[in-house]
Amino acid sequence: MGLDVQLPARARLDPAGLRTRLFIDGMWCDAAEGTEIDVLDPHDGSTITRVAEARGMDVDRAVEAAERALPAWAGMPAAERGRILLRVADLVEANAAELARLETVDTGHPIRDTSRLDVPRTAAWYRYFGGMADKHEGSVIPVDAGFLNYLVREPIGVVGQIVPWNFPLMFTSWKLGPALAAGNAVVMKPSELTPLSTLRLAELLQEAGIPDGVVNIVPGYGNSAGWAIATHPRIRMLSFTGSTAVGRRLVEASAQSLKRLHLELGGKGANIVFEDANLQQAVNGSAFAIFHNQGQACIAGSRLLLHERIADRFLDDFVRLAMSIRIGDPLDPSTEMGPLTSAQHRDRVLGYVDVARAEGGEILCGGDAPSAPELAAGYYMQPTVVRARPDATVSQEEVFGPFVVVSTFRDEAEAVRIANSTEYGLGSGLWTNDLSRAHRMAHLLRTGMVWVNAYKRVSPASPFGGVGGSGYGREMGFEAMHEYTQPKSVWVNVDAHLPNWYPRPDPAQ
Ligand code: NAD
C-alpha cells in the first residue's frame with residue numbers, strides 16, 4: 001500500500017487504505033457540515049480512523065442522487081442488473097481476506113468467523129439475488145371473461161436502509177441484494193460504530209458496475225442521519241435492522257410519509273433441549289447459539305430451556321465448554337470470542353449481571369470482564385451462564401451479549417409457555433430425536449424461524465424475520481423480493497362486451 005510512515009503497533013488496519021468519506025452519487029465527499037465520527041477498535045479502544053458523519057443535508061443529497069439514478073436502473077433489463085450483482089459477489093470473494101480483517105478490527109468479531117462465515121455469506125447473498133433479478137415473475141390472474149389481468153412487481157423507488165453494528169457486512173448484503181435486484185435505488189446508513197466494511201463495499205459496488213447514485217452510503221448517528229432517512233418524504237420504503245425501541249419510533253415517524261416499513265428488531269431466542277436429545281450435539285449447538293459473535297446476534301439462543309431430567313448433566317458440560325472458550329484479540333485465528341463492539345454496550349451487558357443477582361439469579365460462570373491484563377483496555381466479557389426464573393428481567397429483556405439465561409421445564413406444554421412468554425418472536429430452536437415432537441413444537445413456537453437440532457442457520461433462500469416485538473417483513477428469498485417491490489394489477493379488455501351503464505338515446509337518430 002506504499003505507506004511511508006511506520007504504523008503504530010496497535011494499528012491493525014492501514015489507515016491510508018481506508019475509505020472514510022460519504023459515498024454519494026458515485027463520489028466520495030465530506031459531510032456538508034464537516035462533521036466526523038471516531039471509529040474505535042474494540043480490542044483496545046484505540047481510534048482506527050475518523051469517518052465523515054452524514055446529517056440531514058447529506059441525506060437530502062443522497063436522496064436526490066438516488067432519484068436521478070432510479071429510472072435508468074429500474075429500466076435496465078433485470079438480467080443486466082443481475083450480472084452486476086454477480087460481479088459484486090465475485091469481487092467480495094476476490095477481496096475476502098481484506099474484508100474479513102476490516103470487519104474483525106471494526107466489530108471485534110473473531111477473524112475465524114468473519115473469514116469462514118460473514119464474508120462467504122456476503123458473497124453468497126449477492127450471488128443469490130444476482131441470480132434472482134430476472135426470475136422474480138409476476139402472474140396472470142383469472143378474472144372475468146374477456147379480460148386479461150396481470151400482475152407486475154415494480155420497484156418501490158428510493159429505499160432507505162439502516163443497519164446495526166453486529167454484522168455490518170453481511171446485513172448490508174441482506175438488504176442491498178434484493179433491493180437492487182428489484183430495481184430500487186438506495187440510501188444506506190451503516191451504524192456509527194462500524195461503518196468501515198460498508199464504505200469499502202461501496203468501492204466494490206462501483207467496480208462491479210453499479211451506476212452512480214444507485215447506492216449511496218451515509219454513515220452517521222441514528223438521531224440525525226438515521227432520523228433524516230426515516231422521516232424523508234421522498235424515501236418510499238425503510239428497511240431497518242436494530243432495536244425494538246427504535247423500531248417503534250420509526251413506525252410513528254412513518255405516519256407522515258406513509259412509507260413502507262420492513263423491521264428486523266430484537267430477539268430473545270428460546271433454545272429448548274428435550275430429554276431425548278443428543279446431548280453432546282445440543283451442548284455444542286447451544287454454545288454456538290449464544291456465544292458466536294459474543295452473543296451480539298438478534299437470533300442468539302439467549303434463553304436455554306432444559307428438560308428437568310437432563311438439566312444438571314447438560315449444564316455440567318455446557319458450563320465447562322463456556323469456561324474453555326478462548327477469549328482474545330479477534331485478529332488471532334485461534335480466538336473464539338472477541339470483545340463486544342463498544343464499551344457502552346459491554347457495560348450495559350455487565351449491568352445485567354447485577355440485575356440477575358438482584359432478582360435472585362445464580363451466576364453459574366462468567367459475569368465479569370476477563371482478568372488477562374492484555375485485554376484490559378478492550379471491551380471484553382467472559383461467557384456468562386445465569387440460572388434465573390423465566391419471568392426475571394434477564395429472561396425477558398434482550399441482553400445482546402455472551403449472556404445466557406437457563407431455566408427448566410417439565411413437559412412440552414411448559415416449554416412452549418416459557419418460550420412464548422416474551423414480547424419477542426424472532427428465532428427459536430429445539431433439540432430432540434422425537435420426530436413428531438419436533439414438528440409439533442415447530443408449529444407451537446411463536447417465532448418467525450425455528451431450528452430443529454441446529455441453531456442460527458441462515459440461507460439467502462430462506463425467509464428471515466420475526467413476529468411481535470421482533471418486527472415484521474422478511475429478508476431473503478422470494479419474500480424479500482416481495483418486500484422490495486409493489487404489485488401492480490393491469491386489466492386489459494381483450495374481448496369483453498362492456499354493459500352500457502348509461503343508456504341514452506342515440507343522438508344520431
Ligand atoms: P439500534 O436500534 O440502536 O441501532 C440500529 C441502527 O439504527 C443504527 O444504525 C443506528 O444508528 C440507527 N438508529 C438509532 N436510532 C435511530 C433513530 N432514532 N432513527 C433512525 N435510525 C436510528 O440498535 P443497535 O444497538 O445498533 O443494534 C442492536 C439491536 O439490533 C438489537 O436489538 C438486535 O436484536 C437488533 N438486531 C436485529 C436483527 C434482526 O434481523 N431482527 C439483526 C441484528 C440486530
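A charge sits over a ring if NZ of Lys or CZ of Arg is within 6 Å of the ring centre and within 35 degrees of the ring normal. Good morning, everyone; let me start with that. By this rule K456 lies over the face of F288, at 5.4 Å from the ring centre, and R249 over the face of W227, at 4.5 Å.

A quick word on the background. This is a predicted model, where local features need pLDDT of at least 70, side-chain atom pairs count only at pLDDT 80 or more, and totals for chains, interfaces and linings use all residues. Numbering runs from 1 along each chain as its sequence is written, and side-chain values use heavy atoms, with hydrogens and water left out.

Now to the aromatic pairs. Rings of Phe, Tyr and Trp (its six-membered ring) pair if their centres lie within 6.5 Å; planes under 30 degrees apart are stacked, over 60 edge-to-face, and the rest tilted. How many aromatic pairs does a search of the whole structure find? There are 12. One of them is W165 with F400, edge-to-face, with 5.4 Å between centres and 80° between the planes. W165 lies in the loop between β7 (158-162) and α5 (168-181), and F400 in the loop between α12 (393-396) and β16 (403-409), so this pair ties together parts 235 residues apart in sequence. Helices (H or I, at least four residues) and strands (E, at least two) are DSSP runs, numbered from the N terminus.

Are W165 and F400 buried or exposed? Both are buried, meaning under 20% relative accessible area, with exposed over 50% and partly exposed in between (1.4 Å probe, protein chains only).

F274 and F409 also make an edge-to-face pair, at 5.3 Å centre to centre and 75° between the planes. This pair links distant parts of the chain, 135 residues apart: F274 is in the loop between β12 (270-273) and α9 (279-291), and F409 is in strand β16. F274 is buried at 0% relative accessibility, and F409 is buried at 1%. Elsewhere, W125, F167, F171, W174 and F464 form one aromatic cluster.

Last stop, E53. You will find E53 in the loop between β4 (47-52) and α1 (56-75), buried with a relative accessible area of 3%. Beyond residues up to four places away in sequence, E53 touches several others, among them L22, T35, D58, P219 and Y221; contact means heavy atoms within 4.5 Å.
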